[in-house]
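This briefing is intended to be read alongside the sequence and the coordinates.

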Amino acid sequence: MNLLDFARGAVMKWSIAIFLFGMLWRLFGMLLLRRTHDYSEPRVHAAGLGALRSIIRRSWPRREFQARTAYGVTVSYVFHIGLAIIVFGFVPHILFIRNLVGVGWSGLPGGIIYFCAVITLVALVMAIVRRLTHPVLKLLSNFDDYFSWFVTAAPVVTGLLAAGHYGGRYEDLLAVHILSFELLLIWFPFGKLMHSVLLFLARGQTGAVYGRRGAST
Amino acid sequence: MSALGDFPIKVVSADPARNFSRVLAIVNEVESMLARLADAGICGSIDLRSLPMAPGDRDVLRRIFAEGEVSAVVRALGQTQVYESVVRGVWWVAHQNEDGKVAAEFIEITHMPDILRTPPDDVADGLEMLHAQLEALGG
Amino acid sequence: MSSDINTIHPLETEGARLSIKKPALRYDRQGDMSDGQRVEAAMRTFVREFGATSAIYLESCIHCGMCAEACHYYVQTNDPRYTPVRKLEPFKQAYKREAGPFAFFYRLFNLKPRVTADELQKWQELIYDSCTMCGRCTLICPMGIDIARLVGQARHGMFQAGLVPHELWAVAERAEREGSPLGATPKVFKDRIDWLSDENAVEIPVDRDVADILVTMSSIEIMKYPQAIVATARVLNALGEKWTIRLDGYEATNFGMLSGNSQWQKDLSMKMINAAVRCKAKLLILPECGHAYGAMRWDGANVYGKPLPFEVLHISEFLARNLGNGRLKVRNVPKSVTFHDPCQIARRGGATQAPRQVLGKLGVDLHEMTPSGDGNWCCGGGGGVVTIHRADELRYKVFQIKMKQVDDSGAEMLVMSCSNCRQTFDDGQAHFKWDKTAHSLLELVADNLVQ
Amino acid sequence: MSKDDSIGESLRKQGISRRAFMKFCAATASLLALPPGMAAVMAETLSRARRPSVIYLSYQECTGCGESLTRSFSPTLENLMFNVMSLDYYETLQAAAGTAAEAARKTAMKENWGKYLLVVDGAVPVGHDGAYCTIAGESAVDILTEAAKGAAAVVSVGTCAAFGGIPHANPDPTGAVAVSRIVKDKPVVNVSGCPPVPEVITGVLAHYLTFGSIPELDHLGRPKVFFGETIHDRCYRRPFYDEGKFAKTFDDEGARNGWCLFELGCKGPVTYNACPTVKWNQGTSYPIQSGHGCLGCSEPDFWDKGSFYQALSTGTWSGGAVLGAAAVAGAAIGVGAAIVSRRRHAHSEKEKQS
């Protein structure tokens, strides 16, 4: 058995298993904690609407914050959109998803994907440089931040290397690419990558609380 | 029984809307080799087997390098078709086996393909043969 | 210590802001617990209150640092220590160790070290002196984390650990014991009402057995801006309402909440609720005070444990309602006005439009600040910060944002609907010898009533 | 014809002209991807070389490789190749049988000890002391071990000989292994494929004849000249992959337009072979050109790498039960953690009361 078979076989199975295991553990462990009922008389009754509005509106900072956050927001948007295009637009990735969950769609030309990957990588590098140099981010950052960055950037780098045949035989590069993604899967539930799920919950509950108060959400 | 035409088979041919990237690469290579032949007298050769070719690419190439002034047939272990293309100095050499299948195919950029020259060994053979003939004629 | 508080820590009533006099010696640690007990108490209390809501918040932070850009302390100092979410760091550690889904592993492998008493002591400045719980960070957070609310919870832990800034602890203790944080005891209050009633020839009903409306006051108003009482009485009398003030439940400020003692918070709120229930009030009017609005309008029912049997309105909401339906009439005020939004009423309370409707009826030329409404900057005095002397320097720094906002608006008159903001402005005005004076929205209406 | 003749001499005796030989060399040089000038050098070397003795052994195999070999180039050129070699033992083609055949092999080995070329197709079963494959009472392992001792080099023809192939596939009841697992002290060239491209087999033999050495090999022992690049990289459908144009089924518009077969499970990207350039049946076509994805037959364990029709970027694992169990366990532990946390809360709440 070579590295590629290992990556496509046992490691993939167990990384998905750990992903599911960790996701459910963390979500249940959090969501089933005590919740207190709010008895106050709401100003606006549609709390669900406030939650929804907040989930959408928090995707972009309010006007008064835009000047001070423009750089960080732009960089984050670039790599988030870039990652989304790569993950959901590249045909081999779509096939991976289709094979796993049974839903597929048509993909984008390879050239566009490679271009996006390079842009994404540049944005990721800008993000980590900022994290390493900005006084606030330097102070806030911990192992989770750096490791999560690493497991996010690694598949992009290895994917580009595989696509370009740089640094080894294609099957090995592909194996390393798949393994790096599996590392991401394993880490996902335990670190801050969870924000991709939690953002809906956190925004939603703030939106519901301040929505019923009639305040900005 | 359906006629052959009813089967969903698409015959791929050299239609103009196709992707020409592969053909273009070859023609560019020929162009630079021809320039070298003209400037420095250096011959060149392109082995068509070594290039990825789609069905139909060869036809496009054949159209560009169509038969010109010279053509020859070598009969040795099957036929070898040799002709100079309309692009002078560019030769098409197709080695066939005895079944008429192509065994190797080259575009040669040269004044004269080697396969047309008589090798010294064969000259020696020829001489030997001629001597035998003369002997037979009683000379 | 508590029995000596009046003599050891006397009130400073003559200054521009109301607090206890600047203490010669600070007692920023209360009680005589050991360090271990303090940490234990802080973490226990913090974790005890932990529900799913706060858990989701703490788990969601991506350390993007955007909250710093919304915080007046960071913006004015560029000191990364003031990054809002970092103010929760020890409490986040406690959560991960004690209550999170992976708590077992965090404890087993000591992935997050136990918080130390020294750390907590250091964090006191971050949790109290440099946070007004204004909630701008909540508004900017891309994850929607309610950082201000978490700081409130962290303060509960700090209170149990006996690690509250001296002044804040002192006024809270006083409020619990005397019924008012700043000396506005029932007796003092009653004297003031009698005097104001005579002086201004206005009827102020006290302790009616039955009334439709229960009016509450902020001790800052009682002690420093007594005209607010008169203004309230004029408005209600003009409307012909059946209203009352009750000496068993008048104090609307809640230093129990600000200092972090949830039991005291409850005690203070229950006084008003019980008073309103006793006189069968249909409406409880909150004074021009920011945190009082949050404490009663949004937390009151939860303290009570069931929906309140009466409506709760901020005075600006009450004015907007009665000006809107035409029951109250005012003269035109031909002035340009800018309005300062009190954080707890606007951004965190949702009553952002009411004062603007009132100003609209007054016909003023409203020059909005930039930004305004829910995004407005905090005055820097909320969350009890204005009482803390050692925080003054920092508070003046952040107040400069406010001064620039007001100056840039180009308005002649500065109006607000929170007496705590107002005293912060007064103090800032005195400190910077600024030419802008803060005015009360309520008083502006009362002064221009058409009978 | 005498074994002691040089190759050139023996061809001349057969009346093959130098020009014809040159043509053969040009075709072979092209096959070996040698620069065009090398054809002349090759002709010179080959004509002076001694005819080498070749012993061809077959074990666990289907004779597909032999079938393939006999279809290299053309009758003429293949004959030429066989004519320049002295094929002294090959069960499939030889006239001799039984003890005579075995005697021929032993004689050839003895006469050419240390110089003959050993060609093997089929995997070698080592389970039960090699009992699964015996010839004339000797086990395949023993014959191979002995024959390899006197060989100058060994050529493993086909994926079975090169990597164990289908006999080695799960569950491998006979303990089939690759030739290189038995022969450790001789150079072994793996000419993999199921079967290998015929011209690749003859190309390796021609290389050995021309240069007297084995060609440069990759990390799996395959000649780089034929196995240096992936099917994908030399595929004429590659531009469609880059454009994101894929056939979704074998009879859709994409399939008819000749689009990339990646989605239909083509293993071209990780398969190293000469199919796209040398092609099959005298350069007529190769699987992808015929509309079917590459199976990856020249790679080790190609039979056990999941479905031929499953895209390369998908997993090859099975066992949804593990995932289900993981999900259930995760949920259970999460619920448990929440309960513990709630208990701790209730406990401290009680303490607070007392």
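Which residue of E5(B) is the bridge partner of B:Val90? The partner is B:Ile109. The model discussed here is predicted.

**Strands of chain B**

- Strand E4 (residues 90-96) of chain B has 6 of its 7 residues buried, so this strand is largely enclosed by the rest of the structure.
- On one pairing, strand E3 (residues 79-85) of chain B runs antiparallel to E4(B), and 5 bridges join them. Within this pairing, B:Thr80 stands opposite B:His95 of E4(B).
- E3(B) and E4(B) form a hairpin with 4 residues between the strands. In its turn, B:Gly89 has a positive phi of about 95°.
- E4(B) is also joined by 7 bridges to strand E5 (residues 102-109) of chain B, again in an antiparallel arrangement.
- The hairpin of E4(B) and E5(B) has 5 residues between its strands, and B:Gly100 there takes a positive phi near 85°.
- As a general point, side chains in a regular strand alternate between the two faces of the sheet.

**Overall form of chain D**

- Chain D contains 17 helices and 9 strands. Its radius of gyration is 27 Å, well over the 20 Å that the globule rule gives for 354 residues, so chain D is more spread out than a compact globule.
- Along the principal axes, the C-alpha atoms of chain D fill a box of roughly 115 × 50 × 35 Å.
- Of the 354 residues in chain D, 52% are buried.
- When contacts in chain D between residues at least 6 apart in sequence are considered, 71% join residues at least 24 apart.

**The sheet of chain D and its helices**

- An open sheet of 5 strands is present in chain D, with the order E2-E1-E3-E7-E9 and parallel pairing. Its edge strands, each pairing on one side only, are strand E2 (86-90) and strand E9 (188-191) of chain D. From one strand to the next, the twist averages 20°.
- Strand E7 (residues 151-157) of chain D runs parallel to E9(D), and 4 bridges join the two. D:Val155 has D:Val189 as its bridge partner in E9(D).
- Helix H6 (residues 98-111) of chain D packs on this sheet and touches strand E1 (53-58), E2 and strand E3 (116-121) of chain D. The direction of H6(D) makes about 135° with that of E2(D).
- H7(D) packs on the sheet as well, touching E1, E3 and E7 of chain D, and its direction makes about 165° with that of E1(D).
- In helix H7 (residues 140-149) of chain D, the buried residues are D:Ala140, D:Val141, D:Ile143, D:Leu144, D:Ala147 and D:Ala148. These residues cover an arc of only 165° around the axis, which puts them on the same side of H7(D).
- An α-helix has 3.6 residues a turn, so residues three or four places apart point the same way.

**A loop residue of chain C**

- C:Thr116 lies in the loop between helix H7 (103-108) and helix H8 (117-129) of chain C.
- Is C:Thr116 buried or partly exposed? With 14 other C-beta atoms within 10 Å, C:Thr116 is partly exposed.
- C:Thr116 and C:Val39 are 77 residues apart along the chain, while their C-alpha atoms are separated by 6.4 Å.

**Contacts between chains**

- Among the 4 pairs of chains in contact, chains A and C share the most contacts.
- Chains A and B do not touch, and their nearest C-alpha atoms are 15 Å apart.
- Chains B and C are likewise joined by no contact, with their closest C-alpha atoms 47 Å apart.

Notes
Residues numbered from 1 in each chain as written. Chains lettered and ligands numbered in written order. Predicted model: local features only at pLDDT ≥ 70, side-chain atom pairs only at ≥ 80, totals over all residues. Buried ≥ 20, exposed ≤ 12 C-beta atoms within 10 Å, placed from the backbone. Arc of directions from axis to C-beta. Pairing = 2+ DSSP bridges. Axes fitted to C-alpha atoms, helices over the stretch in contact; angles between N-to-C directions. Contact = placed C-beta atoms within 7 Å. Rg over C-alpha atoms; globule rule 2.2 N^0.38 Å.
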